[in-house]
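Where does a ligand sit in a protein, and what lies around it? Look at the model below with that in mind.

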Amino acid sequence: MSELLSLSKAYEKYFKIGAAVARVNIDSYEDLLKQHFNSVTPENEMKYILTEPEEGRFTFDAADKIFDTARRMGIKVRAHAPVWHNQTGDWMYKDGDKPAAPELIFERIEAHTKAICERYNNDVYAWDVVNEATRDGVPAEGSGEDPVYRSSEYFKLCGKDFIAAAFRAMDKYSPNAQLFYNDYSECSPGKRERIVRLINELRDKGCRVDGMGMQQHHFVKPDYDEIKRSIEIYAEMGLRLHVTELDISLMAAINESEKRLKPGDPGFAEYIREVLVPSEENLAKINEMYVRLFEIYRSYSDVIDCVTTWGVADDYTWLDTFGLDRDMPKIKQYPLLFTVDHQPKPCVREIIDNA
Ligand code: GLA
C-alpha cells in the first residue's frame, strides 16, 4: 500500500475514523494512528476504576498518557464511559455500611464529572456519558425487573435518575462537547426500542443528548437491513451517530442469525470447530463484512460523524480474553482492520477505493 493511502484522509468527506487505544499500546500504534486515524477513544483509561479508584482520590496517569500522545499527534479524543455498571469502585454505591442514597450518588457523579472535564475538556470532542443502561431481553414474569433499564447497582439504588444526573453534570462541565448515550445490540429491534425509550425519557427531562453511540460489536453476521433501519430510526430522533466500538468476532463468520448454538447445545462442538482454527475463508468473510459495513456507513454519512474500531490492529483485541462470545472458548481473534503486524488487511484497500 502506498504511503499516500490513508483511511482517515479518504474518509474526510464522510466521517472521522477512530480507534480505541490503551496506555500500554498507544506508543506501538503511533505510525498507524498517524496514517489512518483522526480520532481516538481511551479503552479503559477514563472509567471510574482508573480515574477515581476511591472517592475523592483522582488518578489520571493512565488517561494522561493517552491525552499526551493524542495531543502530540494532533488528534482529538472521544471520551468514553464514565457512568457504567462495570469498572466502577464499590465506593460509589456505599455510604459507610449502608447503601448510598440517590442524592449522594448524584453528588459523586457531579464531583467526578467536574474533575475529569476540568482536566480534559480542551481535547475532548464527544463523551459517551452513560454506557449500556438498557437491559438485555424481556424480564422474566414476576421478577419485578424493569422492562427498559438494566438492573445495575446504579439502577437499584437510584432508579433511572442516575442517567439524567450524569447527562446534566456533563452538560454543565463540558458544554461544548457532544454528549452521547452508548450501547450494544443497538440494532436488534427489542434493544433498539428500549434505547429509544431511554433517550426520549432523558430528553423529556430536559437533558441534552446529542448523539447515539452504536457499539457495533459483531458476534453474528451483521443484519445489514436492520443496521440501516436503526440508523434511520436514531437519526429521525435528531441524534448524531457515532459507530463507537466496531469489531467482528470470528463467530460472525458462522452465526447467520441471533439464534445461535450455545455451549451444551447438541451439535455445538461441530458447529464451532471451524472457527477454532481460523480459516482463510472465515477471515475473508470478516473482510467482506467490513466492506459492506463501510458501504452502509458511507451511505448515511449525513448523520454519521465518526466510525471507531475497538482497537487498532489484531495484536491487541479485547476479544482474545473475552472469548468467541459470552461463555464461549477463548482463542486468538482477528477482528480489526489491521493485522498483527500492523499491515492493512485487503478490506482497507477496498474501503479506501470505494470512498
Ligand atoms: C463494552 C464497553 C467498552 C469495553 C468493551 C470490552 O463494550 O463499552 O468500554 O469495555 O465492552 O472491551
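This report covers the ligand, then the pockets, then the cavities.

## The ligand and its shell

The model is predicted. In this model, the ligand sits in the largest pocket. Which residues surround the ligand? They are Glu-43, Lys-47, His-80, Trp-84, Gln-87, Asn-131, Glu-132, Gln-215, His-217, Glu-245, Trp-310 and Trp-318. Sorted by class, this shell holds three nonpolar, five polar and four charged residues.

The charged ones can be picked out by name. Glu-43, Lys-47, Glu-132 and Glu-245 belong to the shell, and Glu and Lys count as charged.

Lys-47 has a side-chain N or O atom 2.7 Å from an oxygen atom of the ligand. For His-217, a polar side-chain atom lies 3.3 Å from a ligand oxygen. For Glu-132, the distance from a side-chain N or O atom to an oxygen of the ligand is 3.4 Å.

How much of the ligand does the protein bury? Taken alone, the ligand exposes 300 Å². The protein buries 88% of that area.

## The largest pocket

The largest pocket contains about 1100 Å³ of space. Its lining has 42 residues. Closest to the centre of the pocket are Tyr-184, Ser-185, His-217, Phe-219 and Arg-326. His-217 also belongs to the shell around the ligand.

Which elements each supply at least two residues of this lining? They are α8 (189-204), β9 (217-218) and α9 (224-236). Helix α8 gives the most, with three residues. By class, the lining of the largest pocket has twelve nonpolar, twelve polar and 18 charged residues.

## The second largest pocket

The second largest pocket has a volume of about 190 Å³. Its lining consists of Glu-280, Leu-283, Ala-284, Ile-286, Asn-287, Asp-314, Tyr-334, Thr-339, Val-340, Lys-345 and Pro-346.

Which helix gives the most to this lining? Helix α12, residues 280-299, does, with five residues. The lining of the second largest pocket divides into six nonpolar, two polar and three charged residues.

## The cavities

How many cavities of 30 Å³ or more does a search of the whole structure find? The search finds four. The largest cavity holds about 60 Å³ of space.

Val-83, Trp-84, His-85, Val-130, Asn-131, Glu-132, Ala-133, Arg-150, Ser-152 and Phe-162 line the largest cavity. Five of these residues are nonpolar, three are polar and two are charged.

How values were computed
Residues numbered from 1 in each chain as written. Predicted model: local features only at pLDDT ≥ 70, side-chain atom pairs only at ≥ 80, totals over all residues. Heavy atoms only, no water. Near = heavy atom within 4 Å. Polar contact = N/O pair within 3.5 Å; in protein donor to acceptor, adjacent residues only side chain to side chain. Areas by Shrake-Rupley, 256 points an atom, 1.4 Å probe, with all protein chains shown as cover. 1 Å grid on protein atoms, 1.4 Å probe; cavity = no way out; pocket = protein on both sides within 12 Å on 5 of 7 lines; lining within 4 Å. Sits in = over half its atoms within 2 Å of the grid points. Points joined across faces, edges and corners; volume = space filled by probe spheres on them. Helix = DSSP H or I, 4+ residues; strand = E, 2+ residues; numbered from the N terminus.
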